Structures are given as C-alpha cells and as structure tokens.
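Q: I have a structure open and would like to learn how to read its features. Could you take me through them?

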Amino acid sequence: MMKNILVLLLCAALSASFCACTEIGVENSNETESAEQSSSVVDSTVSSADTETSEDSNESSNVIIDDSSAPDVTIDNSSTVDVKYTTTDDYSYAVTLSTEELDAINAGSGREFMILVNKENKLSDDYVPQNLVDVRNTRKDRAPGKMVETAEIALYAFLKEAAYYGYGDVTVTSAYRSISYQHSLFYNKYVPQEMAKGLDRESAIAAASKYSAFPGTSEHHTGLCVDMHNLSAASQTFGSTPAAKWLASNAHRFGFILRFPQGKDDITGYMWEPWHFRFVGVHYATEIYESGLCFEEYLAADNEAEVG
Ligand SMILES: [Zn+2]
C-alpha cells in the first residue's frame, strides 16, 4: 500500500505544481482558514495540508533605506559543488552580529542540518526536533512559531540585516508543524471524509493526499524552515518584490537556502515558493547557492562526488 501511495504522490508531483507550505489560496488568498477549519474542497493544483492562515497584516515597514544592494561578499563564483567550507569570516555584514549569532550561522559544517524531507523522503511518525524555541520574528498577530534554536538564532540575524536594508516588514507566518498534528488531521479527518464518499481506505488516502500533505513529508516538520514575507498571505507575487529578491540573494550568508526555487518544480515536487527558507548552515547554504542547484540536485551531485 505504501508503495502505491508513493507512486501516486510521485505522479501527482509530476503532473501538477504543488505548494509545500500553504493549504489554500496560494495565488489569490483572501481565505482565513486554518487546517483545523478548512474543508477538503481545495484546488487540486495546490497540495499540502500544512497550514498558513492568511490574515491581513497591519504591519508596515518602519525602516526605509533606498539602497537595497547587497553588501560586498568575498566568495569565488563557482558552479561546482566542491566543498569550500565558507564561514562567516568570508562575509561582511551591515549589522553587528553577536558571537552567538555568528556561531549559529556557522553551525552545520558536519551536515547536521542537511536532512532531506520531501514526498519521497518521509520522516518517521514519531520524529520531533530537539531544542525548539519561539521564533522571535513571528508576525505579531500570531502565536509564536517554533523552530530549532540554532536556526532561529541565525534567522534572527538574517532578518536584522534585512531590516537594515529596508525590509523590516518581512515576518514569519509559519514555522514548525508537528507530524502528530498532521497525522491526526490526515487520518482522523480527511481520510474518513473521503471514505464517507464511498472510497475504500487506500483510495481515500490517495484522494486526501491530493490536497493534504502526507504526514511526515512536509519540511516544516523538521523545525528548520520558515515561511516569511511581507504580504497578507503567501503568494508568488512576493517573488518579484525587492524584499524577496534581497532575501533570496542574501539567505546563504546566514545559512539559509530558498528551498523551492523557480523552475525546479519537477525536481522538488513543489512550485516556486519565494517565501520558504530552509536552514542548513552557512557552509552548505553557500555551496548550494553558488551551484545554482536545488537541494535535491545538490545532494545527488554531492553523493556522486563522494561515491566517485
Ligand atoms: Zn513553507
């Protein structure tokens, strides 16, 4: 049965653009639903039951600096995945970072944060990240999100620098989501809903998978990623804003990667998500950024290099 589910998920991934983060209304979100409230009727082009409530934000930017160019960085251009082990010593930052912040950004050189989670690489049902802390940059009208402590400290530094460049209105709208919650939602709500329509259990699971992330397959279960933007709801329109462009081109200096880049849908299984950033540490974030590869491609190339 599991194999069938994976095949179905793979087929679905190849046939449609999916969203890893938002459940509903990615392109046009005026909804204010949460996973607990939402019905199972969802546009089939959008997958994942991981939620993002889409409430209006009254926040506005309080830092206005017209220079949005990135600070000088001293990194060689490279299209390979040779390990250079870049550290924060190789970067200059506009804001002052604490030792704790620099240590967090520099963490992960032992691949501690290189865990791959996607539709084909599922976390076990009892997986719970260690050292979850409140995300200080959570949007103010929401309960604080949770994130692995090291990643949260690096994120705080990242958004401190973003604010310096005029993007202080970028806030976190979604962070850690537990597998147990997703498991319960999936099996206790969506699957029974589908079975009530007359489907057998296996068919019901497949049907539910079209609009709800299969438990364990969302990167948000790792506690290493966030959705952040300055819109009322996540939307690809964010990707063309100066804020999103700054985040995308500076994330690696703080240990983050844009996890679902444009044009990689068929590999990541998800549509372009200019709001979803994943922590891996500055070493690998820099390598991935410079390589132009998405995370899956980078890991595949890296494995080949090790085997070869
Ligand atoms: Zn996300």
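Q: In which sense do β4 and strand β6 (residues 276–279) pair, and over how many bridges?

A: Strand pairing is read from the bridges between two strands. In this predicted model, β4 and β6 run in the antiparallel sense, with three bridges between them.

Q: Which residue of β4 does Thr171 stand opposite?

A: Thr171 stands opposite His229 in β4. The pairing of strand β3 (residues 171–174) with β4 is antiparallel and has three bridges.

Q: Is strand β4 (residues 225–229) mostly covered or mostly open?

A: For a strand, look at burial and at the direction in which each residue points. β4 is mostly covered, with five of its five residues buried. Cys225, Asp227 and His229 point one way, Val226 and Met228 point the other way, and all are buried.

Q: Which residues touch the most other members of the largest nonpolar core?

A: The general idea is that in soluble globular proteins nonpolar side chains tend to be buried together. Here the largest nonpolar core has 50 residues, and Ala154, Phe158, Val226, Ala251, Ile257 and Ala285 touch the most other members. Helix α3 (residues 149–164) supplies the largest share of this core, eight residues. Another core, of eleven residues, lies apart from it; among them are Leu185, Phe186, Ala213 and Phe214.

Q: What does Ala285 touch, leaving out residues up to four places away in sequence?

A: Ala285 touches Ala251, His252, Gly255, Phe256, Ile257 and Val280. Ala251 and Ile257 are named along with Ala285 among the core residues that touch the most other members.

Q: How many helices and strands does the protein have, and what share of its residues is buried?

A: The secondary structure consists of nine helices and six strands. Of the 308 residues, 45% count as buried. As for contacts with a separation of 6 or more, 76% are between residues 24 or more positions apart.

Q: Where does pLDDT stay under 50?

A: Where pLDDT is low, the predicted coordinates should not be read in detail. The protein averages a pLDDT of 79, and 71% of the residues score at least 70. Residues 1–19 stay under 50, and the model has 37 contacts for them beyond four places in sequence. Residues 22–81 also stay under 50, with 127 such contacts in the model.

Key
Residues numbered from 1 in each chain as written. Predicted model: local features only at pLDDT ≥ 70, side-chain atom pairs only at ≥ 80, totals over all residues. Core = buried A, V, L, I, M, F, W, Y, C linked by C-beta atoms within 7 Å. Buried ≥ 20, exposed ≤ 12 C-beta atoms within 10 Å, placed from the backbone. Helix = DSSP H or I, 4+ residues; strand = E, 2+ residues; numbered from the N terminus. Contact = placed C-beta atoms within 7 Å. Pairing = 2+ DSSP bridges. pLDDT = per-residue confidence, 0-100.
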